[in-house]
Structure formats: structure tokens, C-alpha cells
Amino acid sequence: MKKNYEICLSGSNILLVPYRTEHLTNYHKWMQDPSLLDATASEPLTMEEEVDMQISWRDDERKCTFIILARDLLDCSSGVPPPPRKQTEKLEISREEEQISYPNLVNETLHAMIGDINLFLSEEEPDTEGEEQPYNTGNKQSTTCTEQLSQAELDIMIAESSHRHKGLGVELALTMMHYGAFHLHIRRFFVKIKNTNNASLKLFREKLGFVQCAYAECFGEYELECKCERWEEMVKLIEDRWVGWNKKKGSSGDSLDEDGVDTVAYTLYNVYDCPLSNS
């Protein structure tokens, strides 16, 4: 979508930048990998088809896509947005977008690409209890029918094997969910995970608090969800889970600063301008 095409989200361990044409060479290489094609249920595309898809996703207001950058691959002295400040006590989380601009960020960080993250927006459907469903539902809460795009499927792909199993999943998921809730007013997030993908099931069930709402036996696929009545409640829920996650890590001493003072990254991410280089 165009809404996120000129911004970047700067987190503690990752940065999310808009999916641009500059990323196509690396992205196309990823999507020739049979294991990634299988994991994402995708078909291999030619470069020309990849170009067309990038343009269509940019213009589609139901698709929000960022490329994931690993901060440990970046030179922080070369014009890269800084991570959020850690604090000794919880302050009001600022949701104001930073005015600092990084027009060359995409071109200068292609080497740090490790994957992509997406939100696929849709309208929520009314409950149809008693009707035959393609899924075996369970633990499903009632929803309110709305014509607004108030729900989104969350999809995360770590394409570079060097950065899998490094504990980035919580930060990635909560960052994208917070952006979706605060900026796009999403109140329900859901994921679809194969029953053999134990790592993702553990991430969303145990670490992020998603609950099962459906199971497609024919695909061997779980649907897990996290939802609130209002998007404002979702924003608060995500912020609380981020702080809780950081404090849990801090109990092992990981959050102590050089003076031995307990600090926490209460702010999940900051938003910076990332304009097109020719604008």
C-alpha cells in the first residue's frame, strides 16, 4: 500500500523498510528457493512477473508490506535510524512520527535484507454459527460485522537462514501489529500455520498469546487469532505485551546497562521518513 511506501519503522533489533524496486534482485533470488516456496505456498515467478507484483502490492490498499533489515548487519554510522531509547521507568509511549528523513536508506541497506513481513487486510465476517464451515472452529469469540478493513492476516518470512531462531519473532510480530492497529485501525490479527511448524506455533501461542480459532484438516493448518473489540484496545494490548516481554528478558540480567541499572525498551519502534530518493 502507498500509506507505508515512504516510511520506515526502527526497532531495537530490526528495521522495517518499504518494499521497493531496489529490493527485487534479492527478493527474486529468495523466491527461487524451493524450501521458501513451499513454506510460503508460493509459485516461482520470472523477474518480470516479480516486478509487476511489486507494483501491484504497492498500489493495493489491502496489502501492507515491509522488507526486514537486521540491525546487526548495519553500520550505525552510515545514516541508519537509531533504535528506541531504553529507560529505567515506563514513560508515555510517543506515537509521534519522527521528522528526521532517510532518503538513501533503502539503497544503502540492501545487504542487510533478511526477509519480509506483511499484513493482508480484509473485512471481518459475521459469525455464522450452525452453518457448515470449511474449518473446525474452536475457542472462537463473537465478532461484530463491519465493512471496514478491521482485520489482517499477519505473515512473516525470514528468508536468510543465518537469522532464523535468533529471537526476532516477537519484536517483528508486535511491531507490525502495532503499526497495523495504530495506523490502520486493525482490531483482529490472525495467522495460518501448518501443524508441522512447531517453532511458529510456539511463537504465536506461547510468546504472543494468540488462541486457536480454527483448524483446516484438509491443509493441516491452524488459524490462530488475537483480537479486541476496538483498535485502541489492541494498541494497548500490544504495548503491554512488548513491555512484559522485555521485562521477562530483563529478569536474566539482559537489560542491565553499563552501570548495572535495569533498563527496558518501552518504546517498540520509532517511525521515520523514508522518501523516494528522487523526490
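**Strands, rings and spaces**

Student: Which residue in S8 is the bridge partner of Ile 193?
Tutor: In this predicted model, the bridge partner of Ile 193 in S8 is Tyr 222.

Student: And how many bridges join S6 to S8, and which way do they run?
Tutor: S6 and strand S8, which covers residues 221-227, are joined by 7 bridges and run antiparallel.

Student: What is the strand order in the sheet?
Tutor: It is an open sheet of 9 strands with mixed pairing, and the order reads S7-S8-S6-S5-S4-S3-S2-S1-S9. Strand S7 (211-216) and strand S9 (270-273) stand at the edges and have a single partner strand each, so one side of each has no neighbour in the sheet. Ignoring direction, neighbouring strands of the sheet are turned against each other by 25° on average.

Student: Let's go to S3; how many of its residues are buried?
Tutor: Strand S3 spans residues 63-70 and is mostly covered, with 7 of its 8 residues buried.

Student: How does S3 pair with S2 and with S4?
Tutor: With strand S2 (residues 14-18), S3 pairs in the antiparallel sense over 5 bridges, and Val 17 has Ile 67 in S3 as its bridge partner. With strand S4 (residues 113-122), S3 is joined by 7 bridges, and these two strands also run antiparallel; here Lys 63 has Phe 120 in S4 as its bridge partner.

Student: New topic, aromatics: how many pairs are there?
Tutor: The count comes to 8 aromatic pairs. One of them is formed by Phe 66 and Tyr 179, with ring centres 5.7 Å apart and planes at 90°; an angle over 60 counts as edge-to-face, so that is how the pair is classed.

Student: Where in the chain do Phe 66 and Tyr 179 sit?
Tutor: Phe 66 lies in strand S3 and Tyr 179 in helix H5, 113 residues apart, and the pair therefore links distant parts of the chain. Both Phe 66 and Tyr 179 are buried.

Student: What about the pair of Tyr 215 and Tyr 222, how is that one arranged?
Tutor: The Tyr 215 and Tyr 222 pair is tilted, with 4.6 Å from centre to centre and 50° between the planes, and both residues are buried. Tyr 222 is also the bridge partner of Ile 193 that you began with.

Student: Which residues form an aromatic cluster?
Tutor: Tyr 19, Tyr 27 and Trp 30 form one aromatic cluster.

Student: Which helix gives the most to the lining of the second largest cavity?
Tutor: That is H3, with 3 residues, and the lining of the second largest cavity as a whole divides into 5 nonpolar, 3 polar and 1 charged.

Methods
Residues numbered from 1 in each chain as written. Predicted model: local features only at pLDDT ≥ 70, side-chain atom pairs only at ≥ 80, totals over all residues. Heavy atoms only, no water. Buried < 20%, exposed > 50% of the residue type's maximum accessible area, 1.4 Å probe, protein only. Helix = DSSP H or I, 4+ residues; strand = E, 2+ residues; numbered from the N terminus. Pairing = 2+ DSSP bridges. Axes fitted to C-alpha atoms, helices over the stretch in contact; angles between N-to-C directions. Phe/Tyr/Trp six-rings, centres within 6.5 Å; stacked < 30°, edge-to-face > 60°. Nonpolar A, V, L, I, M, F, W, Y, C, P; charged D, E, K, R; others polar.
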